[in-house]
Amino acid sequence: MSAQVSVAATARLHLGFLDMNGGLGRKFGGLGLSLDAPTTRLTLTRAVDNHVEGPEQTRAAELLARAQAALAPGAAHRLVIHEAIPAHSGFGSGTQLALAVAAALRRLEDLPHDAAADAALMSRGARSGLGAGLFVTGGLVVDGGRGPLTQTPPVIARAEFPEEWRVLLVSDPAAVGLHGADEREAFVALPPSSEADSGELCRLVLMQALPALAERALAPFGAAVARIQEVVGDYFAPRQGGRRFTSARVEAAVDRLTREGATGGGQTSWGPTGFAFVESDAAARALVARLDAEARADGLHISIHKGLNRGARIDAVYARLA
């Protein structure tokens, strides 16, 4: 039996919903990518009483209690959050923390790993299956949306993200993405998208983004993501002050990146974080060198990342037998 379990789960980019129309019986669907950072890292051990410490302490304690009630009733644990993905930045921080807590508890209690079930248990799969899918496999995944009997939206496609490509992130510490009750209200208030828009988004994924990844062709991949972001951004603009981006400063910085040679610019989820893609680490460093001073003057931060082609790391330390 495990004596201690450590989990490391990384951030994801939500590159866009695919079908906000729902005319075929399923709604949402999405395209998402795992990143090498930022990361949520935690350690779970057995204890006499529950004890939680570290960043996101309050939310983590609630998640642990929910997981315990379903997976290990009557048990107590010590949970240490060593670092946490920034909340409300478009990285899926809440889902990754929830899945990491549940996965740690499952491993500690010798229960089978089941990220899809944990997403439903922890109320993290209401609209997207990307968080659960990427927690397991990493890479770039497509989820098939929510139907009338769906527990957690299923992953229907996965592709390796090219090792040599880089992702540029533009962060705005002064802005916060829509979340909680405001986010739920936004989804209720927005009308269904047109069949034409949903059809275009699905075609862009199936006939451009995924084939481009298979052929390691950045230009068509970036063009597909950019167009997805335009359509999705226009749909959500009424809940973002009439803009495609939550942060006008991030929008301007992403536009500068794409004018200087990056591609596929957009906003992850409700933002405020923006992103763009380049073909190599050298190209990423050169681009940041040209634009970093201007970004910092605007209160922004540009960072360079890789796509991550593996899921969360779950490591157990086993007690020695006497």
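Predicted model: local features only at pLDDT ≥ 70, side-chain atom pairs only at ≥ 80, totals over all residues.

Me: Let's start with a helix. How many residues does helix α7 have, and what distance does it reach from its first C-alpha to its last?

Reply: Helix α7 covers residues 218-236, which is 19 residues. From first C-alpha to last it reaches 26 Å, close to the 27 Å expected at 1.5 Å a residue.

Me: And which residues of α7 are buried?

Reply: General idea first: an α-helix has 3.6 residues a turn, so residues three or four places apart point the same way. Now the case here: the buried residues of α7 are Leu 218, Phe 221, Gly 222, Ala 224, Val 225, Ile 228, Gln 229, Val 231, Val 232, Gly 233, Tyr 235 and Phe 236.

Me: On to strands. Which residues of β5 point one way, and which the other?

Reply: In a regular strand the side chains alternate between the two faces of the sheet. In β5, Leu 140 and Val 142 point one way, while Val 141 and Asp 143 point the other way. All of these are buried.

Me: Which strands does β5 pair with, and over how many bridges?

Reply: β2 and β5 run antiparallel and are joined by 4 bridges. β5 also pairs with β6 in the antiparallel sense, again over 4 bridges.

Me: What about β1? Which strands is it joined to?

Reply: β1 pairs with β2 in the antiparallel sense over 13 bridges; for instance, Ala 8 stands opposite Arg 41 in β2. β1 is also joined to strand β11 (residues 313-318), again antiparallel, by 6 bridges. There, Ser 6 has Asp 315 as its bridge partner in β11. As for cover, 15 of the 18 residues of β1 are buried.

Me: What lines the largest cavity?

Reply: Its lining is Phe 17, Met 20, Ser 193, Asp 197, Ser 198, Leu 201, Val 231, Val 232, Tyr 235 and Phe 236. α7 gives the largest share, 4 residues, and both α6 and α7 supply at least two. By class, that lining has 7 nonpolar, 2 polar and 1 charged residues.

Me: And which residues line the second largest cavity?

Reply: Ala 8, Ala 9, Thr 10, Ser 34, Gln 96, Leu 134, Phe 135, Leu 308, Arg 310, Gly 311 and Ala 312. The elements giving two or more residues to this lining are β1 and α4 (130-137). β1 has the largest share, 3 residues. The classes divide into 6 nonpolar, 4 polar and 1 charged.

Me: Where is the centre of the second largest pocket, in terms of residues?

Reply: Of the 22 residues lining the second largest pocket, Leu 18, Asp 19, Gly 144, Ile 156 and Cys 202 lie nearest its centre. About 380 Å³ of space lies in this pocket. α6 gives the most to the lining, with 7 residues. β1, β2, β5, β6 and α6 each supply at least two. By class you get 10 nonpolar, 7 polar and 5 charged residues.

Me: Which residues is Gly 138 in contact with, beyond its neighbours within four places in sequence?

Reply: Ser 34, Gly 133, Arg 158, Leu 308, Asn 309, Arg 310 and Gly 311. Take Asn 309: Gly 138 and Asn 309 are 171 residues apart in sequence, yet 4.7 Å apart in space, C-alpha to C-alpha.

Technical notes. Residues numbered from 1 in each chain as written. Heavy atoms only, no water. Expected span 1.5 Å × (residues − 1). Buried < 20%, exposed > 50% of the residue type's maximum accessible area, 1.4 Å probe, protein only. 1 Å grid on protein atoms, 1.4 Å probe; cavity = no way out; pocket = protein on both sides within 12 Å on 5 of 7 lines; lining within 4 Å. Points joined across faces, edges and corners; volume = space filled by probe spheres on them. Nonpolar A, V, L, I, M, F, W, Y, C, P; charged D, E, K, R; others polar. Pairing = 2+ DSSP bridges. Contact = heavy atoms within 4.5 Å.
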